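Subject: The structure we talked about

Hi,

Here is the structure I promised to pass on to you. Have a look at it first, and then read on for my notes.

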Amino acid sequence: MKHNRCLNDRLPSGGQFHGHFGPTRAAEHSNCVDDRDGGGYFINAATGQFDPTHPAIVEDAKDTANPRTVFGLIVTALGRRRANGTPPFTVLSCDNVVKNGEMAHNACVGTARALGQTELADWISENVAFPNGMVDRITPVTGDIERVACQQNHGIEDAWPVFCESFKQWVLEDNFRAGRPALEKEQRERERKKEERRALKEDGQQQKQQQKNMRQRSRATTGRRRTSGNKWSRRQQRKA
C-alpha cells in the first residue's frame, strides 16, 4: 500500500505524485490531511458541504494541469487512469473523522467539478472506492516542540516530523475495488519480526549474564589461588 502524508501546505510535487499514482503502479492511496475544522477537506462551515469557492480550490482551477491541493493531485491522477483505460486506485482516508471515506469522496468529486471536469467527477463517483475507516492513534499537529525534540533526541532536522502515541488501532471498511490489501499478513510479519527482536534481546541479555558469571568465577578462582599462594609463602617463611 502506498501512503502519502499529504498536508495541503506541504505536498509532493506533481511529478513525484503522478509517478506513483498516474500509471498502474499503486492500487491504494492512503492520505492524511489537515482536517482541523474540516479545512483539509474544504468543508463550508455553514452548509457542511464541499466548498468550491475555497481559495485553494480556486487556485487549482486556474491551472488544472498543476494542482497544488491533495485532492487536486488525486483527481488529476485518476483522470490519467481514466484516459489510459486503467483501473482507478482506492482512496483511503486515514484521518480520524466521522465518515472519512465519504468526506474524501465528496472532496474528490467536488474538486473535479470545480476544475470543470464534470465527466471525470461522475466517473470518480461511480468507479473509485473511498472506504470509511476508524483510526485510533493520537498524532498531534507538528510544531516547534516536535521539531526541537526530533533534533535533540535523534539528531535529525525535519521540518515536519510526525509524533504519535504508542497505542494504535485501524479499522477499515471492506470496500476496495481492486481487492483488499492483505493487511493481516503485514501485521503477522510485524509481530514475527517483533518476536525475533525480543528473542535476540533475551539472547543478548543471557550472553551478557553468562559473561558476567564467567568473569565472577574467574575472579573467585584467581582469588583462591592467591590465597593459597600466600599461605604457602608464609609457611616457607616460618620454616626459614
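T142 touches R147, A159, W160, P161 and V162, leaving aside residues up to four places away in sequence. Before going further, please keep in mind that this is a predicted model. T142 sits in the loop between β4 (133-135) and α6. Its relative accessibility is 9%, and buried means under 20%, so T142 counts as buried.

Which residues of helix α6 are buried? In this helix, which covers residues 144-154, they are E146, A149 and C150. Looking down the axis of α6, these buried residues fall within an arc of 100 degrees, so they line one face of the helix. Just after the helix comes G155, with a positive phi of about 70 degrees.

The structure holds three aromatic pairs. In one of them, the ring centres of Y41 and F71 are 5.4 Å apart and the planes are at 40 degrees, so this pair is tilted. Y41 belongs to the loop between β2 (28-32) and α2 (55-62), while F71 belongs to helix α3 (residues 70-84), so the pair ties together parts that are 30 residues apart in sequence. Y41 and F71 are both buried.

F71 also pairs with F42, this time edge-to-face, with 6.5 Å from centre to centre and 75 degrees between the planes. Here too a loop and a helix are involved: F42 lies in the loop between β2 and α2 and F71 in helix α3, so the pair ties together parts that are 29 residues apart in sequence. Taken as a cluster, Y41, F42, F50 and F71 are linked by ring pairs.

Is F42 buried or exposed? F42 has a relative accessible area of 3%, and the cut-off for buried is under 20%, so F42 is buried. K99 is another residue to check in the backbone: K99 is not a glycine, yet has a positive phi of about 55 degrees. You will find K99 in the loop between β3 and α4 (100-114).

Finally, the strands. β2 and β3 run parallel and are joined by four bridges. Within this pairing, S30 has L92 in β3 as its bridge partner. Which way do the residues of β3 point? From this strand (residues 90-93), T90 and L92 point one way and V91 and S93 the other way, and all are buried. In general, the side chains of a regular strand alternate between the two faces of the sheet.

Happy to hear your thoughts whenever you have time.

Best wishes

Technical notes. Residues are numbered from 1 along each chain as its sequence is written. This is a predicted model: local features need pLDDT of at least 70, side-chain atom pairs count only at pLDDT 80 or more; totals for chains, interfaces and linings use all residues. Side-chain values use heavy atoms; hydrogens and water are left out. Buried means under 20% relative accessible area, exposed over 50%, partly exposed in between (1.4 Å probe, protein chains only). Helices (H or I, at least four residues) and strands (E, at least two) are DSSP runs, numbered from the N terminus. The arc is that of the directions from the helix axis to the C-beta atoms. Rings of Phe, Tyr and Trp (its six-membered ring) pair if their centres lie within 6.5 Å; planes under 30 degrees apart count as stacked, over 60 as edge-to-face and the rest as tilted. Two strands pair if DSSP finds at least two bridges between them. Contact means heavy atoms within 4.5 Å.
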